Amino acid sequence: MTARSRTSPARTTVGRAPGRVNLIGEHTDYNAGLCLPLALSYATTVRATVRVDRAVSVRSAQVDEPWTGTLDDVGPGQVEGWASYAVGVLWALRESGWEVPGVDLEVDSTVPMGAGLSSSAALECAVAVAVADLLDHDLTPELRRTLVEACRRAESEVAGAPTGGLDQTVSLLASPGSALLIDFRDGSTRDVPLGWDDAGLRLLVVDTRVSHALVDGGYAARRADCEAATAALGLPSLREATLADLDRVEHPRERGRARHVVTENARVEEAVVAIGELDWTRLGTLMTASHVSLRDDFEVSCHELDLVVDTALQAGALGARMTGGGFGGSAIALVPAERADAVARAVDLAFVAAGLGAVHHLDAVPSGPAGIVA
């Protein structure tokens with residue numbers, strides 16, 4: 001699809017895209033599996049201004065590392081650091097046939113960086129909707145799916161983080177008040193309305209402030225293990241695998257990775273049923289089981305994440321788990337509203353007692369999708 005260009009010098013638009021938290025369904029996206037994320041009220045905005053030349057600049061209110069170059073400098077292997085997520089979108093859109101102009105991008109964000117809440121996808125999606133608006137595209141459902149793929153390519157091929165597309169999908173397709181069930185076998189999505197407010201529950205997010213990055217090798221190694229297990233089973237993906245199949249995976253580490261994916265897909269299906277039946281105790285149990293699997297079989301948790309989960313459960317949470325790619329970042333806890341402050345205090349005290357740094361508490365309020373700021 002080629003955009004109808006109506007760009008003119010100094011024309012400006014502002015795109016906004018939310019961060020996300022994944023309720024359940026971790027490391028399943030790149031295994032053709034099921035995920036259940038929700039968009040957050042924390043978001044990134046990008047003010048995009050058309051230039052008369054092919055130059056590109058990216059500046060952020062949060063990061064003191066501006067980037068400047070041209071449209072010829074934004075492809076794979078050419079950009080490093082946080083700006084690669086932004087300019088990678090320009091490259092991906094150009095690759096898909098869009099006549100992307102030179103632009104100045106001014107970034108501002110309330111999504112905590114490195115917290116596992118997808119600050120990177122929020123940046124990508126905010127750039128994508130801003131450029132779409134500059135090129136006179138309406139944000140139809142079809143176009144939003146086109147932007148999902150462009151943002152996924154930007155992160156995988158330019159920024160170098162081989163993600164599966166969960167973050168970009170929910171940032172661009174979410175509905176207010178709902179989680180988004182994503183089936184990565186066929187790309188279908190379905191809103192799952194969340195009624196925990198009426199049940200007197202809150203979803204707390206605890207940012208451990210432990211550095212979280214998907215380009216340091218740990219994420220790619222887990223993905224490689226999954227691919228090896230899939231090959232050993234002779235299946236198109238781990239989505240087709242059963243627990244009985246896993247005995248045929250000889251390598252213990254790869255078998256553990258596959259076991260997590262198979263059981264996590266089942267937990268997502270059960271979680272959707274539990275939400276529909278307003279069975280919050282069951283949802284909490286599934287969340288905790290997900291964390292145990294991520295900790296033991298997938299080995300992407302860490303001491304700080306385990307401490308949040310264990311402390312929250314002891315303080316009255318119905319369920320808790322790490323969320324995001326792992327190796328740091330955030331954990332979530334489903335808690336009765338009247339216990340929310342007590343759970344937060346318990347986590348704070350546990351971190352002090354362990355000699356760890358302060359955590360950052362956030363509320364997970366389901367938000368709507370990326371769009372243009374009026």
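Which residues are buried in α3? Keep that in mind, and hello everyone.

A word on the model before the tour. It is predicted, so to speak of local features we need pLDDT of at least 70, side-chain atom pairs count only at pLDDT 80 or more, and totals for chains, interfaces and linings use all residues. Residues are numbered from 1 along each chain as its sequence is written, and side-chain values use heavy atoms, with hydrogens and water left out.

Back to helix α3, residues 141-158. Helices here are DSSP runs of H or I with at least four residues, strands are runs of E with at least two, and both are numbered from the N terminus. The buried residues of α3 are Leu143, Arg144, Leu147, Val148, Ala150, Cys151, Ala154, Glu155, Ser156 and Val158. Buried means under 20% relative accessible area, exposed means over 50%, and partly exposed is in between, using a 1.4 Å probe and protein chains only. An α-helix has 3.6 residues a turn, so residues three or four places apart point the same way. What covers the buried residues? The cover includes α1 (83-95), α2 (119-134) and α4 (166-173), where contact means heavy atoms within 4.5 Å. With 18 residues, α3 reaches 25 Å from its first C-alpha to its last, close to the 26 Å expected; that expected span is 1.5 Å times one less than the number of residues. After α3 comes glycine 160, with a positive phi near 85°.

Now look at strand β5, residues 103-109. Strands of a sheet pair through backbone hydrogen bonds, either parallel or antiparallel. In this model, two strands pair if DSSP finds at least two bridges between them. Strand β2 (34-50) pairs with β5 in the antiparallel sense over seven bridges, and arginine 47 has glutamate 106 as its bridge partner. Strand β3 (55-60) pairs with β5 in the parallel sense over five bridges, with serine 57 bridged to aspartate 104.

Next, an open sheet. Its four strands pair antiparallel in the order β9-β10-β8-β11. β9 (319-323) and β11 (360-363) stand at the edges, each with a single partner strand, so one side of each is left without a neighbour in the sheet. On average, neighbouring strands are turned by 25° against each other, direction ignored. Strand β8 (201-207) pairs with β11 over four bridges, including the one between aspartate 207 and histidine 360.

Two helices join this sheet. Helix α7 (280-296) lies across β8, β9 and β10 (330-336), running at about 40° to β9. Helix α8 (303-314) touches β8, β9 and β10 too, and its direction makes about 165° with that of β9. Axes are lines fitted to C-alpha atoms, for helices over the stretch in contact, and angles run from 0 to 180 degrees between N-to-C directions.

Among the residues it touches are Met287, His291, Val309 and Ile332.

Last, a backbone detail. Most residues other than glycine have a negative phi, and most peptide bonds are trans. Serine 118 has a positive phi near 65°, and leucine 278 has one near 60°. Serine 118 is buried at 7% relative accessibility, whereas leucine 278 is exposed at 53%.
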